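Biologist: I would like to learn how to read a model like this one. Please take me through its features one at a time.

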Amino acid sequence: MKKSKIKAMLCGALAFTFCMCGGIAGACGKAKDGGEETPPEIEKPVTEKDDVNTAYLKFKREFKIMVLADIQVENVNTCNREFVKITSLVEREMPDLIVLTGDNVFRPADERLMAQFIFNMDNLNTPWAPVFGNHDAEGNLTKAKMGEMFSAAENCLFLPGEEFIHEGGDDCLGNYCVNLRSRGKTVYSLFLMDSNMDAPAPEKGYCYLYPDQIDWFSQRAAQLQEGREKDPVNIMAFFHIPVPEYRDAVEAFKADPSLGWGTYREDVCCSVKNTGFFAAAQEVNTRAIICGHDHRNTGAIDYFDTKLVYGLKSSAASYFDEDMLGATVITLNEDTFDIENVYFD
């Protein structure tokens, strides 16, 4: 187990122990007149079963997630050049977690490039959680190999996902959660998912989240919500290719800008097939879905009580607009969150 994960779990255990000890001490106290004080009713802590497909971090007020989208570097020199800007932005914003929404590298990516990419990410000294985009595995590395390299990194939270989640093997890898816990219970559960590459033949166009991926998401999210009717877990989902509802949301925003904010300069490049992820997400208190993929789109739109977010492109590699480079920052509180773009200097 990586040091970052061990540290997160120990912090959660210590917080839980402190809470329990404090409650017991209060219950065993005496009244001022020397008589026995009536023990106050102690709320039972929520006990959650740790999941092998989940990494854990300690939640705090104003927990800051930095989203890096479409870094898409194709050689070591480009990688190092772009990370000068990324490093400066991280040092300025000081996020608690960095999420990569895919297309981290671009063909002809090889092991040397991926090793340098991972070195640069780990050197940020911040926990980071990547997903794959449609371009990551187009070079000389399989997702399986990249996943092994991610898992070996000191600060990377990547988990390959249980084998039953879509039996497409290397076509679908890295469906996992990062749960943010406070006092023994999850406040936010971040679902990291592989939106895959091209649709399987004879279908055409971009791929989508497979039905068994959606089943895993729904079942795991429902488990987290058990016994949480009064304070439901806040769910957020991160993947690369937007679901078709993004197209409808962008059109609605253009007609009514009060629905959100952002800049949308290109068509929404989603899959032709709608496999129902958005409908499933609405059933389990999904507060936001965060994607990348379309380099000239960024912003957040309220769509049927869920924010559909495009992360800001995070490098001057591949195609881009000069005024749309940086990162998207999501600042979490107990039941509210803010989303903003931050730009390279």
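Biologist: Which elements do the buried residues of α3 pack against?

Modeller: This is a predicted model, in which local features need pLDDT of at least 70, side-chain atom pairs count only at pLDDT 80 or more, and totals for chains, interfaces and linings use all residues. Residues are numbered from 1 along each chain as its sequence is written, and side-chain values use heavy atoms, with hydrogens and water left out. Helices (H or I, at least four residues) and strands (E, at least two) are DSSP runs, numbered from the N terminus. Buried means under 20% relative accessible area, exposed over 50%, and partly exposed in between, with a 1.4 Å probe and protein chains only. A contact means heavy atoms within 4.5 Å. The buried residues of α3 pack against β2 (63-68), α2 (76-93), β3 (97-100), β4 (128-130) and α4 (143-152).

Biologist: Which residues of α3 are buried?

Modeller: An α-helix has 3.6 residues a turn, so residues three or four places apart point the same way. In α3, the buried residues are L113, M114, F117, I118, N120, M121 and D122. The helix covers residues 111-122 and reaches 16 Å from first C-alpha to last, close to the 16 Å expected at 1.5 Å a residue; the expected span is 1.5 Å times one less than the number of residues.

Biologist: Which residues have the most contacts inside the largest nonpolar core?

Modeller: In soluble globular proteins, nonpolar side chains tend to be buried together. A nonpolar core is a set of buried Ala, Val, Leu, Ile, Met, Phe, Trp, Tyr and Cys residues joined through side-chain atoms within 4.5 Å. Here the largest has 64 residues, and those with the most contacts inside it are L97, F117, V178, L190, M236, I330 and L332. A second, separate core of 33 residues includes A237, F239, V243 and Y310.

Biologist: How many bridges join β12 to β13?

Modeller: Two strands pair if DSSP finds at least two bridges between them. β12 (326-332) and β13 (residues 337-343) are antiparallel and joined by 7 bridges.

Biologist: Is S314 buried or exposed?

Modeller: S314 counts as buried because its relative accessibility is 0%. S314 is in the loop between β11 (306-310) and β12. A polar atom of its side chain lies 2.7 Å from the backbone oxygen of G326. S314 also touches V67, L68 and F344, among others, not counting residues up to four places away in sequence.

Biologist: Which peptide bonds are cis, and where is phi positive in a residue other than glycine?

Modeller: Most residues other than glycine have a negative phi, and most peptide bonds are trans. The bond from R107 to P108 is cis, with omega near 10°, and P108 is in the loop between β3 and α3. A201 and P202 are also joined by a cis bond, with omega about 5°. Phi is positive, near 50°, at M94, which is in the loop between α2 and β3. F304 also has a positive phi near 50°. M94 counts as exposed because its relative accessible area is 63%, and F304 is exposed at 58%.

Key: A polar contact is a pair of N or O atoms within 3.5 Å; within protein, one must be able to donate a hydrogen and the other to accept it, and residues adjacent in sequence count only if both atoms are side-chain atoms.
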